[in-house]
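These are my notebook entries on one protein chain. I set down below what I looked up, topic by topic.

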Amino acid sequence: QVQLVESGGGSVQGGGSLGLSCAASGYTSSMYSMGWFRQAPGKEREGVAAIGTGGGSTLYADSVKGRFTISQDKAQNTLYLQMNSLKPEDTAVYYCAARTNSNLRAFLSLVPGWYNYWGQGTQVTVSA
């Protein structure tokens, strides 16, 4: 079992920055990849960024490439998402996710179904 707890959400004006954290606990050595997702009202959950917990490879959605950075502190079992140049369309609930299935362990995905553990989410609101 893995538990994920996000923090760091809030409100910011467009063009500003926010940093999110996701603290992982439990059987964290079983996590092969982690990701950040977001869901705006009335929209489907979409992948934002993913990282391989072993080698640190990363994957980004085109909509955030160059603005968001995913990183991890393996010693602290913490996942981060640094968000810069925020836009109103980045407004959403942001979720942290982890995959513990060892199949295709080196593969990164921004598809929600790829992940089997989820945090409770943290709200990010960007005003114009």
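I count two residues as in contact when they have heavy atoms within 4.5 Å. With that rule, I looked at contacts in the chain between residues at least 6 apart in sequence, and 59% of them join residues at least 24 apart.

Basis of the entries. I am working from a predicted model, in which local features need pLDDT of at least 70 and side-chain atom pairs count only at pLDDT 80 or more, while totals for chains, interfaces and linings use all residues. I number residues from 1 along each chain as its sequence is written, and side-chain values use heavy atoms, with hydrogens and water left out.

Secondary structure. I took helices (H or I, at least four residues) and strands (E, at least two) as DSSP runs, numbered from the N terminus. I found zero helices and 11 strands, so the order along the sequence reads β-β-β-β-β-β-β-β-β-β-β.

Overall form. The C-alpha trace spans about 40 × 25 × 25 Å along its principal axes.

The chain exposes about 6300 Å², of which carbon and sulfur atoms supply 49%; I used the Shrake-Rupley method with a 1.4 Å probe. Buried residues (under 20% relative accessible area, 1.4 Å probe, protein chains only) make up 43% of the 128 residues.

Isoleucine 51. I located this residue in strand 5, residues 46-52. Isoleucine 51 is classed as buried because its relative accessible area is 4%. Beyond its neighbours within four places in sequence, isoleucine 51 has contacts that include Ser33, Met34, Ile70, Leu79 and Leu108. I also checked threonine 69, which lies 18 residues from isoleucine 51 in sequence and 10 Å from it in space, C-alpha to C-alpha.

Threonine 122. Is this residue buried or exposed? Threonine 122 has 12% relative accessibility and therefore counts as buried. I placed threonine 122 in strand 11, residues 122-127. The side chain of threonine 122 reaches the backbone nitrogen of glycine 9 at 3.2 Å. Leaving aside neighbours within four places in sequence, I listed the contacts of threonine 122 as Glu6, Gly8, Gly9, Leu20, Ala92, Val93 and Tyr94.

Terms used: Buried < 20%, exposed > 50% of the residue type's maximum accessible area, 1.4 Å probe, protein only. Polar contact = N/O pair within 3.5 Å; in protein donor to acceptor, adjacent residues only side chain to side chain.
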